[in-house]
Amino acid sequence: MKDYLNFNNTRRNFLSKLTIVAGGQIIAMPLLAKSLTRNNYTSTVTAGQIIDKFISEVPGGKLNETVDTLKSGSLDMQISGIVTTMFATVEVIKKTIALGANFIIAHEPTFYSHPDSIDWLQKNPTYEYKKNLLKDNNITIWRCHDYVHKMTPDPVTIGVLKRMGWEDKQINKNPNLIQLSNQTLKDVIFSLKSKMGVDQVRYIGDLTQTCNKVLYIPGAAGSTTHIAAMKLFKPDVLICGEVEEWTTVEYIRDSMARGQVISFILLGHIASEEPGSEFMFNWVKERYPAILSKHIPSGNSLSFL
Ligand SMILES: [Zn+2]
C-alpha cells in the first residue's frame, strides 16, 4: 500500500480505461497521457438513486436507525464520478475533486464520531475546513457501513479472506473463523503484514506458538464481542482491527497468565477492513459502468517508529 500517494499514475491508469456512454453504447475512450483532463462528464444518475439501489440489494432493506446517512451534499445531486474509500479524509476529498468526481461512498465516519454529530464541532477549525471543502466543491458523501455489514456473508470479511488466501479455510462456513495448519504466530504476523499492506502490527504472545484456529474480527467490534467470541470459539489467536488497550488486550494477558494458550494481533482498523471496502468499488463499477469510478485507499493513519 506504499503507492497510496502515487495519485498521478492511478489517475492516468483510470482515465485510460474510462468508458462513456455514447449514442446508447458503452465505448472505451482511450486517452493519451498528454490529453488528460479533469472529468467533465456528468450522468443523470443521482446520489439518491445509487443509495436506493444499494439498499435494495441488502437483506431486510432500509434501516430505521443507521449511521449510513449523507454527510454532505444532497440526494438529488447528479453524479459525475464515484469514489469509494474507508475514510473520506481531506486528502481523499482533494483527490476526488481532482478526478472530477462528486460522490464519495465512505465506510467510516467523516466528522470524528460514530453518528457524525456536528453540534459539538461548530467553530472547530478542522471541521470547518473540511465542511467548506466539501461545500465549495459540491461533494456528496454517503457512509455505507451498517448496510454493507448487513449483507451475508459480510463482504468486508470476505474481502479480507480473499486477500489472505483464506477463503477456503473457513471453519463451518464462518468467515470469521479460519483453519490454518500449524503456522507459528510469527508466520501469521508476517503473512498479514505482507498481504494486508501493514508495516508493523502490535501483538501479544509467544512468536513460536502454533496457530491452527484464527478468529478474525475486523474493524472495531468492541471488547465484549471479542471476549464472548473467544469464549465461544476458543481460537489460538485473535486478530482484530482496533480495541481499547484496557479491555480485550488486558483480557488476553490475564488469560495467558492463567495458563491459556492464546495470542493476539492488532492490525489497525483501516488495515483490517480495507480489502473489504474494495467490494463497494466493484459494486459501483458493475452497476454503473458508464460513470467514472475509483477506489482511493485512505491509507493507514498511524505510523510506527
Ligand atoms: Zn466496517
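Good morning. Two strands are said to pair if DSSP finds at least two bridges between them. By that rule, S7 and strand S8, residues 174-184, form a pair: two bridges join them, and the sense is antiparallel. One of the contacts across this pair involves Ile-171, whose bridge partner in S8 is Asn-174. Please keep in mind throughout that the model is predicted.

I shall begin with the overall composition. The protein has 305 residues, of which 35% count as buried. Its secondary structure comes to 10 helices and 13 strands. Among contacts with a separation of 6 or more, 69% are between residues 24 or more positions apart.

Let me now turn to the sheets. In general, the strands of a sheet pair through backbone hydrogen bonds, and they do so either parallel or antiparallel. The pair I opened with belongs to an open sheet of six strands, in the order S7-S8-S10-S11-S12-S9, with mixed pairing. At its edges stand S7 and strand S9, residues 202-204, each of which pairs on one side only.

A further open sheet has five strands, in the order S3-S6-S5-S4-S13, and here too the pairing is mixed. Why is one side of strand S3 (70-72) and of strand S13 (292-295) left without a neighbour in the sheet? Both strands stand at the edges and have a single partner strand each, so one side of each has no neighbour there. From one strand to the next, the twist of this sheet averages 20°.

Thr-84 stands opposite His-295 in S13. Helix H3, residues 90-99, lies across S4, S5 and S13, and runs at about 155° to S4.

The largest nonpolar core has 61 residues. Those touching the most other members are Ile-82, Ile-104, Ile-105, Val-237, Ile-239, Ile-265 and Leu-267. Which helix gives the most to this core? It is helix H10, residues 269-287, which contributes six residues. The core draws at least three residues from each of two domains: domain 1, covering 2-151 + 273-295, and domain 2, covering 155-267.

Leaving aside neighbours within four places in sequence, Ile-82 is in contact with Ala-101, Phe-103, Ile-105, Val-284, Tyr-288, Ile-291 and Ser-293.

I now move to Trp-166, which lies in the loop between helix H6 (155-164) and strand S7 (170-171). If residues up to four places away in sequence are not counted, Trp-166 touches Leu-161 and Ile-178. The C-alpha atoms of Trp-166 and Leu-180 are separated by 8.6 Å, and these two residues are 14 residues apart along the chain.

Finally, I would draw attention to some details of the backbone. A cis peptide bond joins Thr-152 and Pro-153, with omega at about -10°. Pro-153 is placed in the loop between helix H5 (146-150) and H6.

The loop between strand S5 (103-106) and helix H4 (125-136) contains Tyr-112. Although Tyr-112 is not a glycine, it has a positive phi of about 70°. Lys-123 is likewise placed in the loop between S5 and H4. Lys-123 also has a positive phi of about 70°, and is not a glycine.

Lys-123 has 6 C-beta neighbours inside 10 Å, so it counts as exposed.

Thank you for your attention.

Terms used
Residues numbered from 1 in each chain as written. Predicted model: local features only at pLDDT ≥ 70, side-chain atom pairs only at ≥ 80, totals over all residues. Helix = DSSP H or I, 4+ residues; strand = E, 2+ residues; numbered from the N terminus. Contact = placed C-beta atoms within 7 Å. Buried ≥ 20, exposed ≤ 12 C-beta atoms within 10 Å, placed from the backbone. Axes fitted to C-alpha atoms, helices over the stretch in contact; angles between N-to-C directions. Core = buried A, V, L, I, M, F, W, Y, C linked by C-beta atoms within 7 Å. Domains from an automatic or database assignment.
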